[in-house]
Amino acid sequence: MNDAFFKTAARAPAVGFAGAPLDRVSERREDQAYVAALRARPDAKAVLIARDMPILPRGEAPSAPFFPLAETERLGGARIEALLGIEAGGAPVFAALLPDGAVRELSDDSDGFLDRRRLVVPGRDDLALVDLRSIAVQGLVAPDALAVLGQAKAILSWHARHGFCAHCGHATRPAAAGWRRECDVCKTPHFPRTDPVVIMLAVDGERCLLGRQSRWPKGMVSCLAGFVEPGETIEEAVRREIHEEAGIACGEIAYLASQPWPFPSSLMIGCFARATSHDIVVDGKELEDARWFGRDEVTAMFEKRHPDGLTPPAPMAIAHHILRVWACGDQ
Ligand SMILES: [Zn+2]
């Protein structure tokens, strides 16, 4: 049997936010008695989110971001709860969105930025709020726990932003163990969003195209990316975005891997694109710069010895792995 079409799956890289170790039991979310029985289990756990940020126990990294479900009540009760799934040992894991009042902002000028604010849980020095991007970049939790936090943030952010029916404007309510919202007036069901984004490396022989956005960390260059539009295939979106942002035409497209990206609810679709033109025209809006890079130059970035101090994206991002597969082969 010819199964060459599986060859890309064999080189799927270990990206951040992927590989949650839970059985999502999606077929049982409508069974309210089942979900209530899970909630009542003494080993029921929760990941806690307030103001879009996970709550972590203070201590040495990596920390385990799981609390007894009962902890939710001690922190003011959950505004929204969603069943994330069941651990291999049988313990159910929920995501709980705490009320905004459960946390407080402190002025913090300890690092010289007077307008910097820090969120704290009043009276709980054992807890810290850390934004998910920092947790991922700094490796503050183990990779499988990071995937659970990403799942929790994505579903709870969706609830927090979809309190009203997009069809008739009335308030909606959570259903299906937190995986749907329903409008009791017009009866429209609303499902969590996942927004597809293509992220790709255009390749021209022994060169690849990298760009830079002004808001990125100093010196970082990366793959181009953009949202897939209605009525568009992944391949068409890849070609359109590269042409829009850098003026390069592309032909053949190859898929590498994908990554959940909970900021707030994207799925990054990682691809390679074969360039068919060579002269770059930077759009000046999405990108402040873009140019061709040789393999030696990209390798120097990974080895932290690029003469201009250029750096690749962080290893938790799929762009890092797309670039590494191109520059260094499968790993
Ligand atoms: Zn409605």
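Biologist: What should I know about the model before we start?
Modeller: It is a predicted model, where local features need pLDDT of at least 70, side-chain atom pairs count only at pLDDT 80 or more, and totals for chains, interfaces and linings use all residues. Residues are numbered from 1 along each chain as its sequence is written, and side-chain values use heavy atoms, with hydrogens and water left out.

Biologist: Which residues are the protein donors of the zinc ion?
Modeller: Cys-165, Cys-168, Cys-183 and Cys-186, each through SG, at 2.2 to 2.4 Å from the zinc ion. Donors are N, O and S atoms within 2.8 Å of the metal (3.2 Å for Na, K and Ca); water is not among the atoms, so sites may look incomplete.

Biologist: Why is the arrangement called tetrahedral?
Modeller: Because the 4 donor atoms subtend angles of 102 to 114 degrees around the zinc ion. Four donors count as tetrahedral if all angles lie between 85 and 135 degrees. The ideal angle for four tetrahedral donors is 109.5 degrees.

Biologist: How are the donor residues spaced in sequence?
Modeller: The pattern is C-x2-C-x14-C-x2-C. Helices (H or I, at least four residues) and strands (E, at least two) are DSSP runs, numbered from the N terminus.

Biologist: Are those two buried or exposed?
Modeller: Cys-165 and Cys-183 are both buried. Buried means under 20% relative accessible area, exposed over 50%, and partly exposed in between (1.4 Å probe, protein chains only).

Biologist: Changing topic, what volume does the largest pocket have?
Modeller: About 830 Å³. On a 1 Å grid over the protein atoms alone, a pocket is an open set of points with protein on both sides within 12 Å along at least five of seven lines, and lining residues have an atom within 4 Å of a point. Grid points are joined across faces, edges and corners, and the volume is the space filled by probe spheres set on the points.

Biologist: What lines the largest pocket?
Modeller: The lining has 30 residues, and Arg-133, Arg-215, Trp-216, Trp-261 and Met-268 lie nearest the centre. It divides into 21 nonpolar, 5 polar and 4 charged residues. Ala, Val, Leu, Ile, Met, Phe, Trp, Tyr, Cys and Pro count as nonpolar, Asp, Glu, Lys and Arg as charged, and the others, Gly among them, as polar.

Biologist: Which strand gives the most to that lining?
Modeller: S14, with 4 residues. Elements supplying at least two residues each include helix H4 (132-138), strand S14 (224-227) and helix H8 (318-328).

Biologist: What does Ser-265 contact?
Modeller: Leaving aside neighbours within four places in sequence, Ser-265 is in contact (heavy atoms within 4.5 Å) with Arg-193, Thr-194 and Asp-195. Ser-265 has 13% relative accessibility, so it counts as buried.

Note on methods: On a 1 Å grid over the protein atoms alone, a cavity is a set of points where a 1.4 Å probe fits but cannot get out, and a pocket is an open set with protein on both sides within 12 Å along at least five of seven lines; lining residues have an atom within 4 Å of a point. Four donors count as tetrahedral if all angles lie between 85 and 135 degrees; four count as square planar and six as octahedral if opposite donors are over 155 degrees apart and all others between 65 and 115; anything else is irregular.
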